[in-house]
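Hi everyone, thanks for making time today. Let me put the model up, and then we can walk through it together.

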Amino acid sequence: MQIKKQKSLIQEIRDEYQAEVKKLKRKKFLLKAKLLLTIVLPVFIILLSVKVIKTFVRIKVRDIFSKKPRDSKGRENVQVSKSQGQGQTQEQTQEQTQEQTPPEPEQLKPAVPVPAVMTPVEKEIITPVPVMTESVTVSE
């Protein structure tokens with residue numbers, strides 16, 4: 001059984017001060033957390049979503065404009081001039097357009113690394129040449 005020592009007035013004041021500092025630090029931390037969660041994080045989410053939407057729209061627009069135009073039945077919609085269309089059936093014009101369209105490009109093969117050839121480099125060793133100077137004499 002330990003006997004508790006009675007604290008002096010200075011120790012009690014110091015303990016109260018430490019408790020207040022601890023409370024203030026906790027309040028400061030909670031305030032920072034609230035600001036982060038209510039202001040910074042939503043702004044970050046909004047900016048990120050805008051960037052994602054812009055990228056998505058850019059990809060969709062690129063896809064739309066890179067495809068060949070098609071009619072309502074899913075066939076390619078190719079303009080036929082009047083001189084070609086006279087006296088020919090629709091099947092003949094489709095055959096001609098299929099012949100005129102270039103074949104689909106082949107799928108690209110994955111890149112294969114090129115082996116590097118290590119060749120030694122010749123080193124030139126430069127040796128300093130001492131410079132011969134004449135001694136200077138001071139005449140009085």
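**A salt bridge and a positive patch**

Let's start at aspartate 15, which is partly exposed with a relative accessible area of 34%; that label covers values between buried, under 20%, and exposed, over 50%, with a 1.4 Å probe and protein chains only. Before going on: this is a predicted model, where local features need pLDDT of at least 70 and side-chain atom pairs count only at pLDDT 80 or more, while totals for chains, interfaces and linings use all residues. Residues are numbered from 1 along each chain as its sequence is written, and side-chain values use heavy atoms, leaving out hydrogens and water.

So what does aspartate 15 pair with? Its salt-bridge partner is lysine 7, with the closest N and O atoms 2.7 Å apart. By salt bridge I mean a side-chain nitrogen of Lys or Arg within 4 Å of a carboxyl oxygen of Asp or Glu. Lysine 7 is partly exposed too, at 46%, and the structure holds one such bridge.

Zooming out, the chain has three helices and zero strands, taken as DSSP runs numbered from the N terminus (H or I, at least four residues; E, at least two). Buried residues make up 1% of the 140 residues.

Finally, arginine 62 sits in helix 1, residues 9–66, and is exposed at 52%. Together with Lys51, Lys54 and Arg58, Arg62 forms a positive surface patch; patch members have over 30% relative accessible area and no salt bridge, with like charges joined within 9 Å and nonpolar side chains (Val, Leu, Ile, Met, Phe, Trp, Tyr) within 5 Å.

Technical notes. Areas by Shrake-Rupley, 256 points an atom, 1.4 Å probe, with all protein chains shown as cover. Lys, Arg positive; Asp, Glu negative; His and termini not counted. Charge placed at Lys NZ, Arg CZ, Asp CG, Glu CD.
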